[in-house]
Structure formats: structure tokens, C-alpha cells
Amino acid sequence: MPLRVAIVGSGPSGFYAAERLQQTEGLEVGIDMFERLPNPYGLVRSGVAPDHQKIKSVTKQYEAVAAHENFRFFGGVEFGKHLSRADLTGHYDAVIYAVGTATANPLGIPGEDLVGSHAATEFVAWYNGHLDHTTHIYDLTCKRAVVVGNGNVAADVTRMLARPLEQLAKTDMADHALVYMLASQIEEVVILGRRGPAQAAFTPPELKELGELEGVDIVVPPEDMELDAVSEAQLEEASKPQQRMMEMLREYAARPLTGAKRRIVLRFLVSPLEVHGEDRVESVTIARNKLEVDGAGTLRAVQTDERETLEAGLVLRAVGYRGKPLPDVPFDDRTATIPNEQGRLVETESRAPLPGEYVVGWIKRGPSGVIGTNRADSRETVAQLLEDLDAGLLGRDDSPGREPSAVERLLAERAAEPFTFEHWQTIDEHEIKAGALTDRPRVKLTSEKAMRDVASSGTRRG
């Protein structure tokens, strides 16, 4: 009797968990993957920048997982609406939650909710064609944008705002976003970092790209590169990527201006205090910070009395993701993750293990790492699942409710109309063919109706 496993979510962590299960020697496993959207791949489709096509090629690995004869994809099926926790635990031997972290952390400052102030993650989803964000409007007619954060999301949105327009037109950026981007009047993007350059969370490739944009000056105020003694000591012990990042920042600080039409300004040791404007964003007040070591030996940014106001018409906050609770599933509000021990769910308060339910990805460990980080993370979780299987803790049975057809009947009763992986392949081919007509990787479909119309037009074979 095959092991029956449900995976909720179809991003990288979910596919890596499925891959590991399929590769387990001697294990016969049937996997059903459920996704709220019609399409799979999570942030690979809706989070990776349009000019990073090579990164998106990882989906070829996921296609191989989906091609397994005992794998089924159910797109357009929402947990909490079409299926409950009890439904899944009743129909499957094991359930793996792979839902990621869906919301962005707030700044918690006055004026943050003004028109023109947005989460960078929503901006990313908008220009990538995520179905939840296609109707959003971003006014790019201002001269200056402010991006709050010192990580790769901040670097991505900055690059998109500063990249030459003719280059954007050759990417798979969603058409509705291209219309706004091609009309952009933004000349300067200022990135605000709360701590110093030695503590920035960019990766060297992302930072390097900012300094290589054609027709864009990059500016780092030399005074921002003056390190305190603790930061200097940390840098000596830092990883090679962190040291390489500092080398690049020092080179940028010494780089002369060329008079380019656009520029990127990297500011460090500054925090936004308030966003100002009557009806929309007009300016941002920032405070100068200094670094201090607290009682635990941690280096923290502390505000000084020095203030500055920047005129700006767009503010994007890139200060981290936060998980959302799933209906009836344990959730830790403090960490914004599903409580777990090495991927096995535990009760929130008692920490008692819950064999048969598991978690992978950002909703397991928090928003950290790159796409490949999820492979090892998912393997750790699957190891816990297999340990519980060997220990006889999964409560397996051969009742009618465990038959593959039982879930299909249940979804029909709940008025769900799932997209299969074959439907997705038809959509995928349609997008790629449309892109080839204009020398683009693809032209994304950005509504469920459009996807359903294409999916119903024919099913891909082979």
C-alpha cells in the first residue's frame, strides 16, 4: 500500500520535499500537491526578478518531480476553503505544509499607509504577475523613490526601478507592469540601511549588479563607510562573501559620478521616522543611527538626534516577510512560523510532537536563505516523516477515504475546479510561445480566467 502524502503549497520547498520522498529507496509513495493559485512554483514565478531568468530554470527539476506517475497537482485549491486540516489528516498518511511567508513586515511609523507607500514584496508580486496583485497601481511619475532595507529584495526592486527601460521590455515582466515601468520618471533610488555597511544583508552578486547597470551612477557616501571598532573586528572574522561585499561598497564610495540620468544611492546607519504627505507620499524623515553593543553582546542600531528629510513620491519597505496562520494549524505568533522540531509539527504551548504533520520552507524556519537552501531544509523534514513511518506513528489504513479518488470527490462537492499539472503545462507553453513573438522569455497570463481559457483549449502531451 503506497504511502499517501499531501503537500500544501507548490513552491521550491514543497517540490524538494516531494523529490526527496520519491528518491527514498524502497518507498512507494503517492503525492498530492495543493496550491491556491492555478500555477505552481511559488516565488520562483512570482518572486524571482524578471531579469534573472537563469535562476528560474530550476523549474526543470520540479517538472521532473511532477512527471512521476504517482504525483498529482491540484491548482486553484485553497486550504481553509476547499480543504481543511481535518480533511487532509483524514485522507492522507502524512501532510506537509509548504505555504511560505505571505505578508511583509511593517515599518511601524506614521504615514506608512499613505498612497505611494507599499511593501516591496507586493511590488515584486505586481511586476511578476502574481494573480493577487495585478490590479494594484504604482505611480512612478515621481523623481525619487526610497527603498527601506538592506537585503536582496531591496536590491531587486531598486534594480527594476533603475534598469534601462529597453532592457525591461525584453524580460518576462507582466505586461500591466511594463506599461507603468516604461512611463517611469524616477531618476534616483535611495536605499536606506538601519545598520552599517558591514551588517548589510545583500549578497555579492546582487550588489554587483547594482553597480553594473548601464546609464546608472551608484553613490555611497564616503562617511557612511567609516566603520566603528566592533564592526571592523566583525569584518575581520566575516565570511568571504561578506568581505567581498564590503570591497564592492568601498569601490562604489570611491567611484566618480558620470552624470548619468539615473542613480542609486546607498545610505547606511539611517532609519525612516515618518512618511509625510497630504493625500500621498511627498517626503520621508530619516534619523541618523549609531551602533552600540547591548548587554548580550549584540550590535544594535540606536537613533541619534540627527534628522534629515528626503523628498520622495514612492516608498517601498523591504524589511522582511512574515508568515500567516493557517486555519486550525498551530502557529507561533512570536516567530510567525508553524511550531516544529526539525520539521515535525508540535503543539504551540506544550511542544508535544504531532506525528503525521510536517512543515518545510520559510513557514518552518522563517524567511532566510535562497532557493537552494530549501533542498536541505526539506530533506531534514522528510527524514522526520520517514522516522515516524518506521516507528509506526502515521496511523496508516486502507479505508475508502485514503483512496486517491476520494479527494477528487470531496473537491467536487466543495465546488473546486482544480488545475492539473497538464493544465499548467498547456499554460506554460502558451506563455512561452507568446513571448517568442516579441523576443521575450514568456508573456505571462495574469488572470485565472485567462489561464482557465488556455488550459481548457487543449492538454499538453509528452
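Is Tyr321 buried or exposed, and what is its relative accessible area? Tyr321 is buried, with a relative accessible area of 17%; buried means under 20%, exposed over 50% and partly exposed in between, using a 1.4 Å probe and protein chains only.

1. Basis of the note. This is a predicted model, in which local features need pLDDT of at least 70 and side-chain atom pairs count only at pLDDT 80 or more, while totals for chains, interfaces and linings use all residues. Residues are numbered from 1 along each chain as its sequence is written, and side-chain values use heavy atoms, with hydrogens and water left out.

2. Aromatic pairs. The whole structure contains 16 aromatic pairs. Rings of Phe, Tyr and Trp (its six-membered ring) pair if their centres lie within 6.5 Å; planes under 30 degrees apart count as stacked, over 60 as edge-to-face and the rest as tilted. Phe123 and Trp126 form a stacked pair, at 5.5 Å centre to centre with 25° between the planes. These two residues are separated by about one helical turn because they lie three residues apart in helix H6 (residues 120-127). Both Phe123 and Trp126 are buried.

3. A pair across the chain. Tyr321 and Trp362 form a tilted pair, with 5.0 Å between centres and 55° between planes. Tyr321 belongs to strand S15 (residues 321-322) and Trp362 to helix H13 (residues 362-365), so the pair links distant parts of the chain, 41 residues apart. Helices (H or I, at least four residues) and strands (E, at least two) are DSSP runs, numbered from the N terminus. Trp362 is buried, with a relative accessible area of 17%.

4. Nonpolar cores. A nonpolar core is a set of buried Ala, Val, Leu, Ile, Met, Phe, Trp, Tyr and Cys residues joined through side-chain atoms within 4.5 Å. The largest has 49 residues, and those touching the most other members include Phe123 and Leu207. Beyond its neighbours within four places in sequence, Leu207 is in contact (heavy atoms within 4.5 Å) with Phe202, Met245, Met248, Leu249, Tyr252 and Leu266. A second, separate core of 39 residues includes Ala98, Val360, Phe419 and Trp424. Trp424 also belongs to a cluster linked by ring pairs, together with Phe15, Tyr16, Tyr41, Tyr62 and Phe71.

5. Helix H15. In helix H15 (residues 404-413), Ala406, Val407, Leu410 and Leu411 are buried. Viewed down the axis, the buried residues of H15 fall within an arc of 135°, so they line one face of the helix; the arc is that of the directions from the helix axis to the C-beta atoms. They pack against strand S1 (3-8), strand S2 (29-35), strand S3 (71-75) and helix H5 (85-91). Ala415, which follows H15, has a positive phi near 65°.
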